Amino acid sequence: MSLDARSGVQPLSMSSGDLLVDRRYRWALEYLAGGDRAAAADILQQVVAAAPAFAAAWFALAEIREAQGERGGAVAAFRAARDADPHDLHGARLRLARLGEGEATPELMQAHVRRVFDQHAPHFEESLLQHLEYRGPQLLAAAVGAATRPGRFASMLDLGCGTGLAGAAFRASVDRLTGVDISAAMIEAARCKGLYDRLETGELVEFLAAEAAAQRQYDLVIAADVLVYVESLGAVADAVRGVLTPRGLFAFTVETHAGEGVLLRESLRYAHGAACVRAAMTGLDLVHLAEVVTRTERGQPVPGLLAIAYAC
């Protein structure tokens, strides 16, 4: 599942604990929605002065400052938002990481990513298919089919299954299909399609560890664009290796860039260099790595990679 982690995400309905302050916060959002950033920022500065622990107001102010090119002010406000909300539901740590001011570890990002996709679930497929020209599952299915003729699998695990787009692309080639996603709303949408034999809500690496402990194995594990929200591909590859049958297949897509290593893009998704992908496949036999475009953004193709690796 792959969306811009900021696109269309509504401000949280958080309270400062003071009705008058909350009202001013809502006024600020109305000004912001109307395009008047200056007025919104003025009001938000008054709000955080009156309620310095109001994370939602700090985050909104930080976004305005960043949009206006005030990097220092944005960093300060994002830090205040982070400190005011231990769960970091807005994703302030992720924004600080993109600005080069800290790290966004998977543990710290879980609550934010879950909120983003819970909110997007009702319109997820419309956004991907009609506005972003998303085709990751179809590209994966074609590549896996070409690499494994006749390409039928007894068991498949769909990591980050979302609403079930990849499940639909692979269902005819799989006897038993399992899906996992961090978003309960996405899982419910997938359940309504009746494609999966088993669906679970959970974080990917934690779920894979539990599957390995239960000695559940899969002939095919796929990750259609979900790894754009993961910095360390190696951690996921190691966990996947623990649930693959002998010569089981791991197929996935990532966004990429021309340089080396991992880049946190403006979209708040990670782009992995080709060398980074190869290095992460320790203990797996990487047999296919090709440039692909799984989606567009603002009308432009987003460069990506499609990889297929076997359990050794």
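**Close-up 1. Arg 247, a partly exposed residue in a strand.** In this predicted model, Arg 247 counts as partly exposed because its relative accessibility is 48%. Look for Arg 247 in strand E5, which covers residues 244–255. Its backbone deserves a glance too: Arg 247 is not a glycine, yet its phi is positive, at about 65 degrees. Now follow the side chain to Tyr 310. Arg 247 lies over the face of that ring, at 4.3 Å from the ring centre.

**Close-up 2. Leu 268, another residue with a positive phi.** Leu 268 is not a glycine either, and its phi is positive, at about 70 degrees. To find Leu 268, go to the loop that runs between strand E6 (262–264) and strand E7 (270–272). Is Leu 268 buried or exposed? With a relative accessible area of 3%, Leu 268 is buried.

**Close-up 3. Leu 233 and its contacts.** Leu 233 belongs to helix H12, made of residues 233–241. Its relative accessibility is 4%, so Leu 233 counts as buried. Which residues does Leu 233 touch, leaving aside its neighbours within four places in sequence? They are Leu 227, Val 254, His 272, Val 277 and Ala 280.

**Close-up 4. Ala 274 in helix H13.** Helix H13 spans residues 274–280, and Ala 274 lies in it. Ala 274 counts as partly exposed because its relative accessibility is 26%. Setting aside neighbours within four places in sequence, Ala 274 is in contact with Thr 256, Leu 289 and Leu 305. Along the chain, Ala 274 and Thr 256 are 18 residues apart, with 7.2 Å separating their C-alpha atoms.

**Close-up 5. Helices H2 and H3 pack against each other.** Two packed helices are described by the angle between their axes and the distance between the axes. Here helix H2 (residues 37–50) and helix H3 (residues 55–67) meet at an angle of about 145 degrees, and their axes are 9 Å apart. The crossing of H2 and H3 is left-handed. On the H2 side, the contact is made by Arg 37, Ala 40, Ala 41, Leu 44, Gln 45, Val 47 and Val 48. Helix H3 contributes Ala 57, Trp 58, Ala 60, Leu 61, Ile 64, Arg 65 and Ala 67. Sorted by class, this contact of H2 with H3 has eleven nonpolar, one polar and two charged residues.

**Close-up 6. Phe 59 and Phe 78, an aromatic pair.** The count of aromatic pairs comes to three. In the pair shown here, Phe 59 and Phe 78 have ring centres 5.3 Å apart and planes at 65 degrees, so the pair is edge-to-face. Phe 59 sits in helix H3 and Phe 78 in helix H4 (residues 71–84), so the pair ties together parts that are 19 residues apart in sequence. How much accessible area does each residue have? Phe 59 is buried, with a relative accessible area of 6%, and Phe 78 is buried, with 0%.

**Overview. The chain behind the close-ups.** Stepping back, the protein chain has 13 helices and nine strands. Of its 312 residues, 52% are buried. Among contacts in the chain with a separation of 6 or more, 61% come from residues 24 or more positions apart.

Methods:
Residues numbered from 1 in each chain as written. Predicted model: local features only at pLDDT ≥ 70, side-chain atom pairs only at ≥ 80, totals over all residues. Heavy atoms only, no water. Helix = DSSP H or I, 4+ residues; strand = E, 2+ residues; numbered from the N terminus. Buried < 20%, exposed > 50% of the residue type's maximum accessible area, 1.4 Å probe, protein only. Contact = heavy atoms within 4.5 Å. Axes fitted to C-alpha atoms, helices over the stretch in contact; angles between N-to-C directions. Left-handed = near helix turned anticlockwise from the far one by under 90°. Nonpolar A, V, L, I, M, F, W, Y, C, P; charged D, E, K, R; others polar. Phe/Tyr/Trp six-rings, centres within 6.5 Å; stacked < 30°, edge-to-face > 60°. Lys NZ or Arg CZ within 6 Å of the ring centre and 35° of its normal.
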